[in-house]
Amino acid sequence: MACLSNDARFTLIQMLSTRNKEESPPDNYGPNPPAAMAEFRLEKVFPVYAVGVSEPDPNLVVSLANSGSGVGDPIWDAVREEAKSEADKEPILSSFLYASILSHNCLEQALGFVLANRLQNPTLLATQLSDIFCGVMLHDRGIQCSIRMDIQAFKDRDPSCLSYCSALLYLKGYHSLQTHRVAHALWNQGRKVLALALQSRVSEVFGVDIHPAAQIGEGILLDHATGVVIGETAVIANRVSIMQGVTLGGTGKEIGDRHPKIGQGALIGASATILGNIKIGEGAMIAAGSLVLKDIPPHSMVAGIPAKVIGYVEDQDPSLTMKHDASKEFFEQIAGRFPAM
């Protein structure tokens with residue numbers, strides 16, 4: 001079974017031609033560069049995105065197995081190679097790795113299998129869930145892009161993430177996020193009861209509660225993820241990192257648009273609570289344990305209950321560097337603003 005529809009497949013060479021000229025090698029090879037040049041370009045696709053040098057091109061992350069270019073899906077290729085290596089190292093896991101990864105044709109099928117087996121219960125069977133997940137992912141190019149951008153985010157930003165394979169198999173933050181993407185697609189199709197059923201299972205199994213209507217960008221990291229709550233009208237832009245225990249909630253019983261809007265590249269620390277229809281600016285950093293009730297300017301650092309601006313972030317996207325702490329010099333500067341007790 002094909003993993004992507006034919007009209008969703010493009011050659012990598014054609015897509016990379018749309019990137020900035022300074023990122024492309026000289027046109028000495030004409031319209032058909034050698035395979036080595038294609039591999040060189042392929043290696044740049046995800047690292048460039050991961051460090052925030054440029055906006056990702058969604059076309060760069062779709063599988064190319066049937067495109068005729070001879071270039072495969074770099075994320076899926078890495079997952080398979082890692083699974084083979086792990087099976088050699090730990091023979092006791094060989095059957096598990098085969099069933100979860102090596103028996104599948106693409107990342108979408110493997111992810112659907114993993115999610116289905118994590119979320120199944122006696123009345124919601126793994127086979128049924130697998131059909132649901134694969135049915136959505138194999139026909140939604142946006143999700144195909146996002147699941148790859150997300151797994152790259154986990155690999156690059158979480159120092160405990162050993163490999164793409166480990167993120168796919170074991171990290172409940174990644175599992176919660178991808179289940180939400182499927183639930184969100186179902187919600188938008190009008191299949192709201194099924195979407196809510198998936199939300200409920202994720203809450204029960206992973207301890208993560210994301211409303212299916214919430215809008216979440218790509219390149220997202222849910223680190224640890226336990227206790228994360230994201231409300232119905234919340235919007236999260238691309239390249240955001242969220243730690244455990246974070247709440248993006250409302251302030252009461254109001255209806256309509258009532259949840260936070262998180263700007264691109266923001267970093268939200270553990271157990272931070274952000275309430276109401278407020279805006280967190282691009283590249284902002286919310287300190288752990290903060291209570292945020294007002295708009296936060298872009299690239300600012302806030303802390304406290306209620307949260308106040310205590311400085312500004314040097315990094316364009318603190319979500320990528322994952323630097324939760326400030327320097328000694330910064331705290332000395334802040335302390336100098338207050339009189340001695």
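**Charged pairs, helices and sheet**

Mentor: Happy to! Arg-181 and Asp-150 are both buried, where buried means under 20% relative accessible area, exposed means over 50% and partly exposed lies in between (1.4 Å probe, protein chains only). This is a predicted model, so local features need pLDDT of at least 70 and side-chain atom pairs count only at pLDDT 80 or more, while totals for chains, interfaces and linings use all residues. Residues are numbered from 1 along each chain as its sequence is written, and side-chain values use heavy atoms, with hydrogens and water left out.

Trainee: What do the side chains of Arg-181 and Asp-150 form?

Mentor: A salt bridge, at 2.8 Å from N to O. The term stands for a side-chain nitrogen of Lys or Arg within 4 Å of a carboxyl oxygen of Asp or Glu. Arg-181 sits in helix H9 and Asp-150 in helix H7 (residues 141-157), so to speak distant parts of the chain, 31 residues apart. Helices here are DSSP runs of H or I with at least four residues, strands are runs of E with at least two, and both are numbered from the N terminus.

Trainee: Where does Glu-232 find its salt-bridge partner?

Mentor: At Arg-258, again 2.8 Å from N to O. Glu-232 is in the loop between strand S4 (229-230) and strand S5 (235-236), and Arg-258 is in the loop between strand S7 (247-249) and strand S8 (261-262), so this pair ties together parts 26 residues apart in sequence. Glu-232 is partly exposed at 28% relative accessible area, whereas Arg-258 is buried at 18%.

Trainee: And how many salt bridges are there in the whole structure?

Mentor: The search finds eight. One of them joins Glu-81 to Lys-84, with the closest N and O atoms 3.7 Å apart. Both of these residues lie in helix H3 (residues 74-89), three residues apart, or about one turn of the helix.

Trainee: Back to H9, how many of its residues are buried?

Mentor: 14 of the 17, so H9 is largely enclosed by the rest of the structure. The helix covers residues 172-188 and reaches 24 Å from its first C-alpha to its last, close to the 24 Å expected. That expected span is 1.5 Å times one less than the number of residues. After H9 comes Gly-190, with a positive phi near 90°.

Trainee: Which strands form the open sheet?

Mentor: There are four, in the order S2-S5-S8-S11, with parallel pairing. Two strands pair if DSSP finds at least two bridges between them. Strand S2 (215-216) and strand S11 (279-280) are the edges, each pairing on one side only. S8 and S11 pair over two bridges, and the bridge partner of Lys-261 is Lys-279 in S11.

Trainee: Last one: where does Phe-96 lie?

Mentor: In helix H4 (residues 94-102). Phe-96 counts as partly exposed at 35% relative accessibility.
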